[in-house]
Amino acid sequence: MRRRYSASYFLSTGVKSFFRNGFMSLAAIVILISAMLICGSFILVIMNIDYNIEQIDDFNEVVVFADLSATDEQVAAMQEKILQHPNVASCTIIPKEVSIKEESERYGEEHAHLFERYIENENENPLPDTLRIEYKDVNQLDTLENYLNTEVEGVYKVNIRKDIADNINQVKHVIMIICIVLTGLLLVVSLFIIGNTIKITLKSREKEITIMRYIGATNTFITLPFVVESAIVALISTLIAAFIQIYSYRYITEKIVAQYGIVETISVNQVWLYIIAGFALVSFVLCVFGTIVSTRRYMKA
Amino acid sequence: MIEFKNASKSYKKNNYVLKNLNLTINDGEFVFIVGHSGAGKTTLTKLLLREEKLTSGTLHIDKYKLERLRNFRVPYFRRQIGVVFQDFKLLDNKTVYENVAFALQIVGVPKKYIKERVPYFLSLVELADKANSFPSQLSGGEKQRVCLARALINKPNIIIADEPTGNLDPSLSYDIMNLLVRINQITGRTVIVVTHEKELVNHFNKRVVMIENGEIVADKSGGYGNAQEI
Ligand SMILES: Nc1ncnc2c1ncn2[C@@H]1O[C@H](COP(=O)(O)OP(=O)(O)O)[C@@H](O)[C@H]1O
Ligand SMILES: [Mg+2]
């Protein structure tokens, strides 16, 4: 006779036990949802900060002033030298004639007479030639600065405006640490609660399990209803948490964009699938892990 | 066939509960295991079920060599054995029918066979009319018969009952014992009954193995007869 285990047995036993443990099931779901939401929110915030830093990078630039006495040939040689650095995306020369005109325009018509002298007589121009550099990676700025100050000849001064990026990076690191610590704590708590739920189920089914073991049920057969039970917890938590996360993210990003035009946000369309997949992965791994750990003790032959 | 050879068991170091046991039980035999409380009878049944492992010696049951049976094979080994418990171990939230069917379910027997077999075994223990009752609605004797039906339903080669009448009135005890003897005769299964009810044992005139302090002190047919008192 062919023996067949019916899936309906595992499903109905698991579902029944899920409802019988109403309170603990609910607790497990609530804690899992909170863990996922907190963790997910932090990750989204960090992703958005990163995204904005990339945007800011475009405005960040390094400005190198050449010595006042530098000739056009020397400035061209400086440009060549600068372009050799791996972190340099582009380097444009702004001749002092252009700079002085820009400066004049900046002060407006009524002060134009102050600049006339310098614009007309090249030798009187107090401004140096300027090299404007766009770099590739904000994190490699220090080496670039060092390179400009030591390796490139004819440099009068290097201006680097990296304070914005630095500040944002610092905030990001703090958020990341908080995120890791909180997530770790919540995962431990969820694991504990899931494990406890399973243990209560085990206790309430101890007699049944004893009989099953005497009659010759395999460990897999005994464990599967528990796996089903925790899979239900994982499924419900994932669905609710993903729903909340996705809709609140959409709402908040729309608000922020409406309020502060300069801040750019990652579109919800780009993240919703990752949110669902990430939540599903985390909750299922947690639940299955919790089930195996808490049932193992009962599963000796 | 069941064969203990120089089998010993200690739970704590050098504190032997069973010492150097040699015992052979042939297929189809009916055997009483008797002895004082604490003699080691339950330990013996636990060894037979591979609930406990031997400390030394060998125990062979049919094709299974229990002294080196791997854990993952234990469930399949246990399907050769039906167990009857002193405390019945029935599930209170299941009916008589469901309690018996459960034993088939958990070893993966298809529904079709379950529907055929459960009524047959319920009638064998004379409980056909109680199929839909819950354990709480049954007398002790009836509960024990449900337990017996559940032990029998997987058609095990061996039935083991540890003090099956320990919680029953004397007259009911007799009924259960009678049922076990009849099952042995009808089905030809090996039946091992642990008990300390001397009169009951004497009534049935079967092989009796007496254990004292972890050792077999008597093994003979025909009840205690005039053997030493226990
Ligand atoms: N799990 C155990 N751990 C330690 N000692 C045990 C255990 N089970 C039984 N014993 C001891 O083994 C001896 C025999 O017990 P048992 O086999 O239950 O005897 P019986 O069933 O004949 O009354 C007793 O002294 C008992 O205390
Ligand atoms: Mg005992």
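In this predicted model, E126(B) and R182(B) form a salt bridge whose closest N and O atoms are 4.0 Å apart; a salt bridge here is a side-chain nitrogen of Lys or Arg within 4 Å of a carboxyl oxygen of Asp or Glu. E126(B) lies in the loop between α4 (111-124) and α5 (140-152) of chain B and R182(B) in helix α6 (residues 170-187) of chain B, so the pair ties together parts that are 56 residues apart in sequence. Over all chains, a search of the whole structure finds nine salt bridges.

The model is predicted, so local features need pLDDT of at least 70 and side-chain atom pairs count only at pLDDT 80 or more, while totals for chains, interfaces and linings use all residues. Residues are numbered from 1 along each chain as its sequence is written, chains are lettered from A in the order in which they are written, and side-chain values use heavy atoms, with hydrogens and water left out.

- E126(B) is exposed at 51% relative accessibility, whereas R182(B) is partly exposed at 33% (buried means under 20% relative accessible area, exposed over 50%, partly exposed in between, with a 1.4 Å probe and protein chains only).
- K130(B) and E142(B) also meet in a salt bridge, at 3.8 Å from N to O.
- This pair links K130(B), in the loop between α4 and α5 of chain B, to E142(B) in helix α5 of chain B, 12 residues apart; helices (H or I, at least four residues) and strands (E, at least two) are DSSP runs, numbered from the N terminus.
- K130(B) is partly exposed, at 23%, and E142(B) is buried, at 15%.
- A network of salt bridges links E29(B), R207(B) and D219(B).

**The salt bridge between the chains**

- One salt bridge is counted between chain B and chain A.
- D92(B) and K207(A) form a salt bridge, with their closest N and O atoms 3.9 Å apart.
- D92(B) belongs to the loop between β6 (81-84) and α3 (96-105) of chain B, and K207(A) to helix α8 (residues 206-215) of chain A.
- D92(B) is exposed at 56% relative accessibility, while K207(A) is partly exposed at 35%.

**The interface of chain B and chain A**

- The contact (heavy atoms within 4.5 Å) takes 27 residues from chain B and 19 residues from chain A.
- About 2,300 Å² is buried between the two chains, 62% of it on carbon and sulfur atoms; buried area is the accessible area (1.4 Å probe) that two parts lose on being put together, summed over both.
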